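Here are my notes for your review. Please read them with the model open.

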Amino acid sequence: MITNQKLKKSLEEIKNITSFDAILYSAKGKHLTGTVEEPEHSDIFVKEFIVSEEDVREKNDAIAFAVEIDSELEYVLVMFCPYTSENLVIGRMAVCQLRTLVLGESERYDRNNFIQNILLGNMLGSDIINRAKKLHIENRKRVVYVIDTGKNCNEIAVELVKNLADIRSGDFVVAMDEHNVVLVKDVEDIDQAKLQEKLSSIAGSLVDNLLAEAMIKVRVGYGNPTDVLPKIAESYQEAKMALEVGRLFYVEKEIMAYDRLGIGRLIYQLPLSLCKMFIKEIFDDNTPDNFDEETLTTINKFFENSLNVSETSRQLYIHRNTLVYRLDKLEKSTGLDLRIFDDAITFKIALMVVKYMNYLETIDY
């Protein structure tokens, strides 16, 4: 539950204060970490100490202390120092520090595990309320951010998000799977008038800092704010949908908000049968899947430049007449003139619908 790195850091802090080296063992006598190499026969001393069920034992300027959690032996701390009353006090203070660290990590794990179960829909509303009281988690306005790392680097991403997202007591950071990290962000104290701007700013900070600090290129989706714990599951689903819609229709965007999905939201929720009917009506058998690369590049660049013929031809490095010829050719094959606004809108929507249909096929819809 708690990493050896954190335990070692605590032992190093103890050494900096006391000047005494220390080694930590598990309740079964296994060497875990320490500030010094394990002396010969130390493991025998520790195992004898465990069997004795004593809370303190001394041998050859080494003192073993029992570190108990809920009356159960969790660790054995061995400090290398003379056996004096003063050093016994120091050792017991070190035990208290370790116990506090372990309990704090245990509570953090329980809280994160609780939030994860809510997000996954594994808990009933009444159970959520009762468990939240025991864990001292209040109902506050929260927003769920889903951070898609795109690769297996979640351990690094989780630690960076904790450091970069201005984490407060009401925030939670959990790894949901091998490429998704979730930030449940407390936004209770943000001015309502500036909320949308702030939510976008938080997402932008996650994207920029993860790239700068760990060279992790991420996409971030976030849902709507919710005032009660059970509904963060809804915000989580919204954030996932925002990511998926963005991945389908807005590839160039790194941040997607659920309430800013535009026409992509409508298309994403269309039944496949209706999509096929629409495409058949617009293209008949000559769908965009049959267009050559040159035609598709021309169409996309024309849309990027807001149907501006001159700017599109300039960016494609072709003569204006060449572009007009390509548009005329496309009109003959589809019946749609992209220079006319209504036809351009119809064509743009049709392209998005085709992309959505292809996506449905990949997931065995």
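1. Start with a charge over a ring. Arg265 sits over the face of Tyr258, 4.6 Å from the ring centre. Bear in mind throughout that this is a predicted model.

2. Lys253 lies over the face of Tyr250, at 5.1 Å from the ring centre. Tyr250 is itself buried, with a relative accessibility of 15%.

3. Phe249 is buried, at 10% relative accessible area.

4. Next, look at Phe303 and Phe347. Their ring centres are 6.4 Å apart and their planes stand at 45°, so this pair is tilted. Phe303 belongs to helix 10 and Phe347 to helix 13 (residues 341-362), so the contact ties together parts that are 44 residues apart in sequence.

5. Now the salt bridges, of which the structure holds 15. One of them joins Glu254 to Lys217, with the closest N and O atoms 2.9 Å apart. Glu254 lies in the loop between helix 7 (232-249) and strand 10 (255-257), and Lys217 in the loop between helix 6 (195-214) and strand 9 (219-222), so the pair ties together parts that are 37 residues apart in sequence. Glu254 is partly exposed, with a relative accessible area of 32%. Lys217 counts as exposed, at 57%.

6. Another salt bridge runs between helices. Arg326 pairs with Glu294, and their closest N and O atoms are 3.2 Å apart. Arg326 is in helix 12 (residues 320-334) and Glu294 in helix 10 (residues 293-304), so to speak two distant parts of the chain, 32 residues apart. Glu294 counts as partly exposed, at 46% relative accessibility.

7. Helix 10 also holds a local pair. Lys301 forms a salt bridge with Glu304, the closest N and O atoms being 3.3 Å apart. The two residues both lie in helix 10, three residues apart, about one turn of the helix. Glu304 is exposed, with a relative accessible area of 57%.

8. Some salt bridges share partners. They join Asp328, Glu331, Asp337 and Arg339 into one network.

9. Finally, check helix 1 (residues 4-18). It has 15 residues and reaches 21 Å from its first C-alpha to its last, close to the 21 Å expected at 1.5 Å a residue. Leu7, Ser10, Leu11, Ile14 and Thr18 are buried in helix 1. Seen down the axis of helix 1, the buried residues fall within an arc of 100°, so they line one face of the helix.

10. What is exposed on the other side of helix 1? There, Gln5, Lys9 and Asn16 are exposed. Just after helix 1, Ser19 takes a positive phi of about 70°.

Conventions:
Residues are numbered from 1 along each chain as its sequence is written. This is a predicted model: local features need pLDDT of at least 70, side-chain atom pairs count only at pLDDT 80 or more; totals for chains, interfaces and linings use all residues. Side-chain values use heavy atoms; hydrogens and water are left out. A salt bridge is a side-chain nitrogen of Lys or Arg within 4 Å of a carboxyl oxygen of Asp or Glu. Helices (H or I, at least four residues) and strands (E, at least two) are DSSP runs, numbered from the N terminus. Buried means under 20% relative accessible area, exposed over 50%, partly exposed in between (1.4 Å probe, protein chains only). The expected span of a helix is 1.5 Å times one less than its number of residues. The arc is that of the directions from the helix axis to the C-beta atoms. Rings of Phe, Tyr and Trp (its six-membered ring) pair if their centres lie within 6.5 Å; planes under 30 degrees apart count as stacked, over 60 as edge-to-face and the rest as tilted. A charge sits over a ring if NZ of Lys or CZ of Arg is within 6 Å of the ring centre and within 35 degrees of the ring normal.
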